[in-house]
Amino acid sequence: AAAGIAGQAARWKDALDILNHFEPVWLAGAVAAGLIGWRDRVTVVLAAMALGACALQMAPDILAPRDLAAPIAGAERLKIVQLNAWVNNPDPGRSAAWLLSQDPDVIVMEEAYDRASPLVRALRARYPHSTNCGDGCSVLILSKASPRAGGRLGAFGFTSWATFEGARGPYTVVAEQAINPWPPL
């Protein structure tokens, strides 16, 4: 119950967001505690508190309408694939093959450090345009089309952006390597 409730405070204190990554564990623990200790009033109250905190945290994702991703008839289609290239990727060739098989219009890639250069090189023929957030930034936006503009978003952090011209007007893609929840800021 305490971990579930403390996770709610992550809205104000980033360091507490690590607790929300274990929300399914807290939920399972609350259900188990309630079933095992159903005769003990304190256990039932604590289990209910934990269940409530977990439900409050998880409900927006579970209850979100699933038809939001349904394409609109006649609308321009854009396929974006996100990949964390992972600095220790053991098989960048396999990652590149998977990305190419997806044939997205835009690839958003995090941890595209020097070690990921074989992966990026393998994609260059089909995705000749790239935007990143400057020196030392590992966030990369690869695209088939040339961006109209792009670069770093904000003064700090690892956030890249690129604006493209679509059939129905411009659109912007934003990519970020969030360091949250660990290490906390």
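Tutor: We will go through the sheet, the crossover, the cores and the disulfide in turn. Keep in mind that this is a predicted model.

Student: In what order do the four strands form the open sheet?

Tutor: The order is E1-E2-E4-E3, with mixed pairing. E1 and E2 are parallel, joined over five bridges, while E3 and E4 are antiparallel, joined over four bridges. From one strand to the next, the twist averages 20 degrees.

Student: Which strands stand at the edges?

Tutor: E1 and E3 (129–132) do; each has a single partner strand, so one side of each lacks a neighbour in the sheet.

Student: Which residues face each other across the paired strands?

Tutor: Take one example from each pairing. Leu83 has Met109 in E2 as its bridge partner, and Asn132 stands opposite Leu140 in E4.

Student: How does the chain get from E1 to E2?

Tutor: The chain passes through H4 on the way, in a β-α-β crossover that is right-handed. H4 lies across both E1 and E2 and runs at about 170 degrees to E1.

Student: Which residues of E1 are on its covered face, and which are on the uncovered one?

Tutor: Val81 and Leu83 make up the covered face; Ile80, Gln82 and Asn84 make up the uncovered one.

Student: What should I know before looking for a core?

Tutor: In soluble globular proteins, nonpolar side chains tend to be buried together. Here the largest nonpolar core has 15 residues, and those with the most contacts inside it include Leu99, Met109 and Leu119. At least two residues each come from E1 (80–84), H4 (92–102), E2 (106–110), H5 (117–123) and E4 (140–143). H5 gives the largest share, three residues.

Student: What does Leu119 touch?

Tutor: Leaving aside residues up to four places away in sequence, Leu119 touches Leu83, Ala85, Pro92, Ser95, Ala96, Leu99 and Met109. There is also a second, separate core of 10 residues, with Val106, Cys137, Val139 and Phe164 among them.

Student: How many disulfides does the structure hold?

Tutor: A disulfide is a covalent bond between the sulfur atoms of two cysteines. This structure holds one. Cys133 and Cys137 form the disulfide, with their sulfur atoms 1.6 Å apart.

Student: Why does Cys133 count as buried?

Tutor: The cut-off for buried is under 20% relative accessible area. Cys133 counts as buried because its relative accessibility is 2%. Cys137, at 9%, also counts as buried, and so does Cys54, at 0%.

Terms used: Residues numbered from 1 in each chain as written. Predicted model: local features only at pLDDT ≥ 70, side-chain atom pairs only at ≥ 80, totals over all residues. Heavy atoms only, no water. Core = buried A, V, L, I, M, F, W, Y, C linked by side-chain atoms within 4.5 Å. Buried < 20%, exposed > 50% of the residue type's maximum accessible area, 1.4 Å probe, protein only. Contact = heavy atoms within 4.5 Å. Pairing = 2+ DSSP bridges. Right-handed = clockwise from strand over helix to strand, strands pointing away. Disulfide = S-S within 2.5 Å. Axes fitted to C-alpha atoms, helices over the stretch in contact; angles between N-to-C directions.
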